[in-house]
Amino acid sequence: EDGYWIHAGNIGQARRQIGEMMNRLEQQHVQISNIGLDLELPGSLVFSGRNPVMEYLRVRPFRFSQDDAHDQLSRFVEDILNDGRFGVQTYEIPMLGDWRLTRQLLGIPKAPEIEHPQYERVGMVYTSVKPPLISPRTFIQRYSAGRKRTPALGIVSASNENPGRDIHYSRLLIDTELQRDVKAALEGSPTKLFVFALNGPQVIERVRKAVQAVL
């Protein structure tokens, strides 16, 4: 509800939160390059621990206006870019975020389509959540570079714990799968990829070895 996990119904709250953060960073002389906007469905549908059907009916994400959300988000991104202090990256869910029907049903906002050197769209092509009938290579390339997005691989963690959410994962990417995903990402985007992980310098070392292995 406070705008940290951005969805189609809380962009106003997100704008206030991020505006406060930008001002505080400037006051504290903290230098960063980009503001990352994570475009998701309402977080309580994933993390509340309540019955998912009852939670969906409580939140009713289908009631959010997709047109209003897109307009608000586009103005928000343009205002950050025009401010000149930071670039903007939008982190986007592949497939579910690409179709209007699924965006409407799940309350996912559509990313802005803005031509600006400091705006970058990033596709969260996590093979751990891809549809089973699509190959990892096809999934990574089609829904990142294939849609003018930089690929972002999801490693999750250096351990099997998700810090701050008390969630334990039964399975992580093994090194051969990580190398496979890095190779597919670099084939589609030879100069840049993202890695989203939640803890540990071990993650950096694993990625470094995977990149070296496929180059």
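This is a predicted model: local features need pLDDT of at least 70, side-chain atom pairs count only at pLDDT 80 or more; totals for chains, interfaces and linings use all residues.
**Exercise 1. Work out how the span of α1 compares with the one expected at 1.5 Å a residue.**

Solution. Start with the extent: α1 runs over residues 11-27, which makes 17 residues. Next, take the reach from its first C-alpha to its last, which is 24 Å. That is close to the 24 Å expected.

**Exercise 2. Find which residues of α1 are buried, and say where they sit around the axis.**

Solution. Use the cut-off of under 20% relative accessible area for buried. The buried residues of α1 are then Ile11, Ala14, Ile18, Met22 and Leu25. They span an arc of only 70° around the axis, so they lie on the same side of α1.

**Exercise 3. Describe how α1 and α4 pack: what are the angle and the handedness of their crossing?**

Solution. Two packed helices are described by the angle between their axes and the distance between the axes. Here the axes of α1 and α4 come within 10 Å and cross at roughly 15°. Angles under 35 degrees count as roughly parallel, and α1 and α4 are therefore roughly parallel to each other. Their crossing is right-handed. On the α1 side, the contact is made by Ile11, Gly12, Ala14, Arg15, Ile18 and Met22. From α4, the residues in contact include Ala69, Leu73, Phe76 and Ile80.

Notes:
Residues are numbered from 1 along each chain as its sequence is written. Side-chain values use heavy atoms; hydrogens and water are left out. Helices (H or I, at least four residues) and strands (E, at least two) are DSSP runs, numbered from the N terminus. The expected span of a helix is 1.5 Å times one less than its number of residues. Buried means under 20% relative accessible area, exposed over 50%, partly exposed in between (1.4 Å probe, protein chains only). The arc is that of the directions from the helix axis to the C-beta atoms. Axes are lines fitted to C-alpha atoms, for helices over the stretch in contact, and angles run from 0 to 180 degrees between N-to-C directions. Angles under 35 degrees count as roughly parallel, over 145 as roughly antiparallel, 65 to 115 as roughly perpendicular and the rest as oblique. A crossing is left-handed if the near helix is turned anticlockwise from the far one by less than a right angle, and right-handed if clockwise. Contact means heavy atoms within 4.5 Å.
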